[in-house]
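Keep the structure in view while reading.

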Amino acid sequence: MKIKEKILIIEDEANISSFIAAVLEANDYDTMASPTGSKAITMITSHCPDLILLDLGLPDMDGISIIRFVREWSTCPIIVISARNHERDKVEALDAGADDYIVKPFGTSELLARIRTAIRHTRTHLPNGSIAQSGQFKAMGLVIDYDKHQVLVDGQSVHLTQNEYKLVSLLGKYAGRVLTYDFIIRQLWGPKAKSDNQILRVNMANIRRKIEKNPAEPKYIFTEIGVGYRMVDPD
Ligand code: CA
């Protein structure tokens, strides 16, 4: 028997909550739901869900505080589902530890794809929370060879600087997820690094010139304007 993943839906609008539950159940997930933050926290601590879908606007507390609460002790993937479409809301949720952010209204196939990506990521994480640094990332002709520290496009080796390679490999390790500028800067240059998006933008422009056929319409690395970058899902 297949073990079903258990997804907790934290959403105060009953019709949205039951709609999401129906979609997930039809796609072989177990679901449970909470309309409030306080009940959700009880369910998280007692049931340890495999993934959390979180509405930010709840009647009793802000969703961001739920993200912070969970991240104190758990790497359980959290996908924010919110009507708030401001860049600062996305940045705040992702920096607090959310894995992904979907803006309402959304399509069910998009929701299911994001859930698959988030769950796959928890599987590729090592138990200590770090990420496997060996093997290869492959997507539509782009190959990142982590063992050889090499990037290939359509079989051709691409010459990247050290910083460019670090940026590409970081995005590859978290493929499918939006990484905020601050997160990338901290990962690449340490927690004390100055938050300077300009350096990232210059590096990204150079990377795109080297790996994308048309840098103005990238197919590998996407910009979430004002938020960060996202690597395309692997093949
Ligand atoms: Ca709400």
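A donor is an N, O or S atom within 2.8 Å of the metal, or within 3.2 Å when the metal is Na, K or Ca. The model discussed here is predicted.

**The calcium site**

The calcium ion has as protein donors D12 (OD), D55 (OD) and G57 (O), at 2.2 to 2.4 Å from the ion. Along the sequence, these donor residues follow the spacing D-x42-D-x1-G. D12 lies in the loop between β1 (6–10) and α1, while D55 belongs to strand β3 (residues 51–55); the pair is 43 residues apart and links distant parts of the chain.

D55 has 5% relative accessibility, so D55 counts as buried. D12 has a relative accessible area of 32%, so D12 is partly exposed.

**The cavity**

There is one cavity of 30 Å³ or more, and the largest cavity has a volume of about 30 Å³. Its lining consists of I9, I10, E11, I20, L53, L54, D55 and I81. The elements giving two or more residues to this lining are β1 and β3. Strand β3 gives the most, with three residues.

**The nonpolar cores**

In soluble globular proteins, nonpolar side chains tend to be buried together.

| Core | Size | Residues, among them |
|---|---|---|
| Largest | 31 residues | V151, L171, I184, I211, I221 and M231 |
| Second, separate | 21 residues | M32, L58, I66 and A96 |

The residues named for the largest core are those with the most contacts inside it. At least two residues of this core come from each of β6 (136–139), β7 (142–145), β8 (150–153), α6, α7 (181–189), α8 (197–211) and β12 (228–231).

Helix α6 (residues 162–173) has 12 residues, which at 1.5 Å a residue should span 16 Å; the end C-alpha atoms are 16 Å apart, so the two values agree. This helix is mostly covered, with nine of its 12 residues buried. Among the buried residues of α6 are E164, Y165, V168 and L171.

Helix α1 (residues 14–26) contains I16. Not counting residues up to four places away in sequence, I16 touches E11 and K104. The C-alpha atoms of I16 and G107 are 12 Å apart, although 91 residues separate the two along the chain.

Note on methods. Residues numbered from 1 in each chain as written. Predicted model: local features only at pLDDT ≥ 70, side-chain atom pairs only at ≥ 80, totals over all residues. Heavy atoms only, no water. Helix = DSSP H or I, 4+ residues; strand = E, 2+ residues; numbered from the N terminus. Contact = heavy atoms within 4.5 Å. Expected span 1.5 Å × (residues − 1). Buried < 20%, exposed > 50% of the residue type's maximum accessible area, 1.4 Å probe, protein only. Core = buried A, V, L, I, M, F, W, Y, C linked by side-chain atoms within 4.5 Å. 1 Å grid on protein atoms, 1.4 Å probe; cavity = no way out; pocket = protein on both sides within 12 Å on 5 of 7 lines; lining within 4 Å. Points joined across faces, edges and corners; volume = space filled by probe spheres on them.
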